Amino acid sequence: MDWNLLGLSFITVFLSELGDKSQLAAIALSGQGQSRKAIFFGTAGALVLTSLLGALAGGAVAELFPTRILKAIAAVGFAILAIRLLLPSSETESD
């Protein structure tokens with residue numbers, strides 16, 4: 001097992017999940033006085049399952065395309081999202 005990769009993936013996911021909507025949902029559920037243990041295991045299981053699906057999908061896509069192309073696609077995708085966030089919205093709210 002590649003312990004450096006394990007640590008890097010743990011730290012990356014841990015930091016990206018802090019304050020995420022899934023964590024806020026867990027806080028809201030816990031605040032209703034329900035079983036904290038059930039909420040912990042439910043949210044942890046959901047995160048593990050989505051991470052597994054992401055790793056499997058990433059592995060499958062990595063077999064189809066070279067890493068360099070995947071990184072370029074991801075970079076272009078993030079750039080498009082950044083530009084869309086920076087530009088003012090052309091939609092107007094109707095009253």
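Is F10 buried or exposed, and at what relative accessible area?

A: F10 is exposed, with a relative accessible area of 55%. Buried means under 20% relative accessible area, exposed means over 50%, and partly exposed lies in between, with a 1.4 Å probe and protein chains only. The areas come from the Shrake-Rupley method with a 1.4 Å probe, and for residues only the protein chains shown count as cover.

A word on the basis. This is a predicted model, in which local features need pLDDT of at least 70 and side-chain atom pairs count only at pLDDT 80 or more, while totals for chains, interfaces and linings use all residues. Residues are numbered from 1 along each chain as its sequence is written, and side-chain values use heavy atoms, with hydrogens and water left out.

F10 and F14 both lie in helix 1, four residues apart, about one turn of the helix. An α-helix has 3.6 residues a turn, so residues three or four places apart point the same way. F14 is partly exposed, at a relative accessible area of 45%.

The two rings also pair. The structure holds two aromatic pairs. F10 and F14 form a stacked one, at 5.9 Å centre to centre and 10° between the planes. Rings of Phe, Tyr and Trp (its six-membered ring) pair if their centres lie within 6.5 Å; planes under 30 degrees apart count as stacked, over 60 as edge-to-face and the rest as tilted. F40 and F41 form an edge-to-face pair, because their ring centres are 5.2 Å apart and their planes stand at 70°. F41 is exposed, with a relative accessible area of 54%.

F10 and F14 also belong to a nonpolar surface patch. F10, I11, F14, L15 and L18 make this patch, which covers about 540 Å². Patches are made of residues with over 30% relative accessible area and no salt bridge; like charges are joined within 9 Å, and nonpolar side chains (Val, Leu, Ile, Met, Phe, Trp, Tyr) within 5 Å. A salt bridge is a side-chain nitrogen of Lys or Arg within 4 Å of a carboxyl oxygen of Asp or Glu.

Next, the helix itself. Helix 1 covers residues 3-17. Helices are DSSP runs (H or I, at least four residues), numbered from the N terminus. At 1.5 Å a residue, the 15 residues of helix 1 should span 21 Å, and its end C-alpha atoms are 21 Å apart, which agrees. The expected span is 1.5 Å times one less than the number of residues.

Both ends have details. At the start of helix 1, a side-chain oxygen of D2 comes within 3.3 Å of the backbone nitrogen of N4. A polar contact is a pair of N or O atoms within 3.5 Å; within protein, one must be able to donate a hydrogen and the other to accept it, and residues adjacent in sequence count only if both atoms are side-chain atoms. Just after helix 1, G19 takes a positive phi of about 75°.

S35 and N4 are 31 residues apart in sequence and 35 Å apart in space, C-alpha to C-alpha. S35 lies in the loop between helix 2 (21-30) and helix 3 (36-64). S35 counts as partly exposed, at 42% relative accessibility. A polar atom of the S35 side chain lies 3.2 Å from the backbone nitrogen of A38.

Methods
Helix = DSSP H or I, 4+ residues; strand = E, 2+ residues; numbered from the N terminus.
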